[in-house]
Amino acid sequence: MTAVAVEGARARRLTEWVLRVRELGIVAALALLITVTAILEPRFIEANSLRNLALNASIFAILAVGQTLVIITRNVDLSVGSILGLSAFLAGDLLSGNQDMALPLVFLLGIGLGAACGLLNGVLVTWGQVPALVVTLGTLYAFRGLAFLWTDGRQVNAETLPDSFLNIGSDSIAGIPILVLIALVIVVLVGQWLRDYRPGRELYAIGSNPEGARLAGVRSDRRVLVAFILAGALAGLGGVLFTARFGTVDATAGTGYELTVIAAAVVGGVAIFGGTGTVYGAALGALLLGTITSSLIVLRVEAFWQQAAIGALLLVAIALDKLVAVRIEAALRRRRSARRAD
Amino acid sequence: MRAVRTETAAPPAATPPAAGSQSRDWRSLLGRWETLLVGLLVVMAVGGQAISPEFLTADSFTTGSLDMSEIALMALAVALVIVAAEIDLSVASVMALSSALMAWLWNNNQPVEFIIPICVAVGALCGAFNGVLVTRFGLPSLAVTIGTLALFRGLAFVVIGDESVTDFPQVWTDRAFGNFAGTFIPNTVVLFAILAVVFAVLLHATPFGRSVFAIGANEEAAYFSGLRVKRIKLILFTLCGAVAALAGVVITLRNSTGAANVGQGFELTVVTAVLLGGVSIFGGRGTIAGVILALLLLGGIQKALLLSESISSYWIQIVTGTLLIVSVLGPNLARRAAEVRRRRSRPTPEEGP
């Protein structure tokens, strides 16, 4: 019994170590990228440029956190870009109609709209037993279509929005942009929830072995539903922040974000078939993807290489993950057989 | 759908034995997703005609089907990949790479007769690259093809930049844009029809096709019964790349524009058409006929909404998305309702004897 517990603890330590190394790997890649770019073009590490870098990555990081929650449960949410579009326009429309509207209310409504969209996804996946890929591919279209119908070709411009709102997208507190602070808070909150709290751990259980989780008494449907609602809510928040940052919003806001967000999560070590990965990794992945784009621009590498580089990076990341997974499995097996030999 | 059929046939007490086999055939035909699609097509035809008297005309078929050409071609190949329980999201990027390559080769004074096979071969290579990563390295195809979606699109931009080349010879653009031998059927539809027959035979009438179904239904069982799972999947991905490149040739000549930004987001439309056609996302189930019907439905709805003056064409996305979800949700709910009914009817036979 104790031997099993010790072995379990060791296995857990090994996996935690690998995960930490995985995140450190991205940090190293980031550091390398920034250093090389800074040597070639010193202006890259000026405060202003770094600030832009962090600002650009924040919204993607928030979306990547939500996506991670869903992917960990062996599902996927392709509709986040469309949800972002809906709530971005909602925020813009509300505020340009009534400049004095309380900002917390705008945020609440945007997040609420996102959560409602996420609820619909979640209900169709759990109660309807429709595969998440099908559901969210469908709602990707449906939500975007609703956004087009609703906006009817209109556009919200920065001039019609109150300054207090736009400042959220550009101001800083103690030198750190508000947008970045919001993203950090979310990453840490969700990160700790996933790491230390029962519902968070159960998401991993569902993703690594759905049947096993069910037999162990995990209320899978409820947990998956919560994951989808949270992903939707975070996409809704991302939408409001999108409007605050860019000021100009039409029905196409966030088009194509879904695949970038999934790419960020996967680069960050979130396995596409669930069960592994952290939101820290996913957020770092979003930062890395954003940094690649910026550094290529700064280095005046033809913009055309950006997408190719991101694609190649994603392939390298999943190939390395696979390699590590194979190695760790072999290591665990060796340990187990060594223990048995004792 | 299949599960529904076996279950409605299973309970002996529920169906009177006399009407048995006949009603079962009737029910199984009615229960098929393809039949439902035909019904939806009829509804669409009637509704489209009500929206605009131009809907059921040769002209609207010509223009409507031209717009669907590339998506239709790619859907055939992607259907096979999904039946084998994999997915390829990189098809639209392969298409763009092929279009960019075509533009670049034409700029370098190569004849179109030479360019087309080169493009298709490069597409096949792209597909094989996906296939090798999936089969030999054991990586999940969803992640791989999201990666190559960015990679191939990026390479397309590397090849041609943001230029576009428009001076393709008219003989060729006419071939892609024109109609077949004086009829109202576009040449691209003829090309699609030929490929559809090839793919239908391949999937439904050859040992290779049976293997694809077997792999999709249960990969491990397929492997242990001696099927060369990896090789078959590699062939499917390669085929998919080649067809996507062919679609790239078609869209380039049809619009007389070779550029790297063509068909952005087409991958999801293609997957939608395939799933709407009744192909299971988990593999092992689906028909080419269903995919063709779904393509007709999507193209028809799009055309009807474009013709309509009162209904916003934005509805296309809402209708598409809803149909996609309902196509899977509907059978699920029907199955559950059947289960409930069976459970309710069970106590009666126990009391009987």
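Chain A of this predicted model contains 13 helices and two strands, helices (H or I, at least four residues) and strands (E, at least two) being DSSP runs numbered from the N terminus. The radius of gyration of chain A, 21 Å, is close to the 20 Å that the globule rule gives for 342 residues, so chain A is as compact as a globular protein of that length; the radius is taken over C-alpha atoms, and the rule is 2.2 Å times the number of residues to the power 0.38. Along its principal axes, the C-alpha trace of chain A spans about 75 × 55 × 35 Å.

As a predicted model, local features need pLDDT of at least 70 and side-chain atom pairs count only at pLDDT 80 or more, whereas totals for chains, interfaces and linings use all residues. Residues are numbered from 1 along each chain as its sequence is written, and chains are lettered from A and ligands numbered from 1 in the order in which they are written.

Between the chains, 40 residues of chain A are in contact with 40 residues of chain B, contact requiring C-beta atoms, placed from the backbone, within 7 Å. To the side of chain A that touches chain B, α5 (132–151), α11 (257–267) and α13 (305–341) of chain A each supply at least two residues, and α5(A) gives the most, with 14 residues.

Technical notes: Two residues are in contact if their C-beta atoms, placed from the backbone, lie within 7 Å.
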